[in-house]
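Take a look at the chain below.

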Amino acid sequence: MRRGVISARYHNSATDQAFMALALVGISVPNFLAGLLLILCFSVWLGWFPVAGYSPLEYGLAQDARSLVLPAFALGVVQSALNRADRASSMLDVLSGAVHLGRPGQGLGERAVIYKHALKNAMIPTVTISASASRC
């Protein structure tokens with residue numbers, strides 16, 4: 001949520017360009033390649049997570065959780081990058097609307113306009129996309 005708001009607040013700045021580049025990398029890298037790179041880095045080189053396999057519940061729930069971290073992270077990278085791009089574009093649309101342009105004239109500061117009024121309207125497409133992606 002925060003990166004999309006920052007990106008919309010500082011549109012076309014260096015911060016926005018850096019977040020957009022990270023989102024573009026996240027969208028462009030296929031899930032299988034992200035999984036292989038995570039296995040190579042965190043399992044082979046660092047040894048923090050198991051490379052593959054399954055451990056029965058007799059060894060504890062922590063072992064099962066350790067074997068699920070890398071696949072969950074590899075699948076979540078693409079979805080979070082898509083959500084970030086969607087949040088930034090919907091926030092830009094809402095902030096450029098006529099309703100929110102008049103809010104500073106009512107005595108509200110920029111933070112109040114963004115976080116109390118505009119964010120509610122900007123989150124509608126993000127929640128819809130996230131809910132439909134989780135049903136797949």
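**Helix α3**

In α3, the buried residues are A34, G35, L38 and S43. They pack against α4. Keep in mind that this is a predicted model.

- Helix α3 covers residues 31–45, which is 15 residues.
- At 1.5 Å a residue, α3 should span 21 Å. Its end C-alpha atoms lie 20 Å apart, so the two values agree.
- The helix is not straight throughout: α3 bends by about 25° at I39.
- Just after α3 comes G47, with a positive phi of about 75°.
- An α-helix has 3.6 residues a turn, so residues three or four places apart point the same way.

**Serine S90**

- S90 sits in helix α4.
- Is S90 buried or exposed? Its relative accessibility is 7%, and buried means under 20%, so S90 counts as buried.
- The S90 side chain reaches the backbone oxygen of A122 at 3.0 Å.
- Setting aside neighbours within four places in sequence, S90 is in contact with A122, P125 and T126.

**Nonpolar cores**

- Which residues form the largest nonpolar core? There are six: M91, V94, I114, A118, L119 and A122.
- Two elements give two or more residues to this core: α4 (61–95) and α6 (110–134).
- The largest share comes from α6, with four residues.
- A second, separate core has five residues, including A34, F49, L70 and A74.
- A34 is also one of the buried residues of α3.

Methods. Residues are numbered from 1 along each chain as its sequence is written. This is a predicted model: local features need pLDDT of at least 70, side-chain atom pairs count only at pLDDT 80 or more; totals for chains, interfaces and linings use all residues. Side-chain values use heavy atoms; hydrogens and water are left out. A nonpolar core is a set of buried Ala, Val, Leu, Ile, Met, Phe, Trp, Tyr and Cys residues joined through side-chain atoms within 4.5 Å. Buried means under 20% relative accessible area, exposed over 50%, partly exposed in between (1.4 Å probe, protein chains only). A polar contact is a pair of N or O atoms within 3.5 Å; within protein, one must be able to donate a hydrogen and the other to accept it, and residues adjacent in sequence count only if both atoms are side-chain atoms. Contact means heavy atoms within 4.5 Å. The expected span of a helix is 1.5 Å times one less than its number of residues. The bend at a residue is the angle between axes fitted to the seven residues ending there and the seven starting there.
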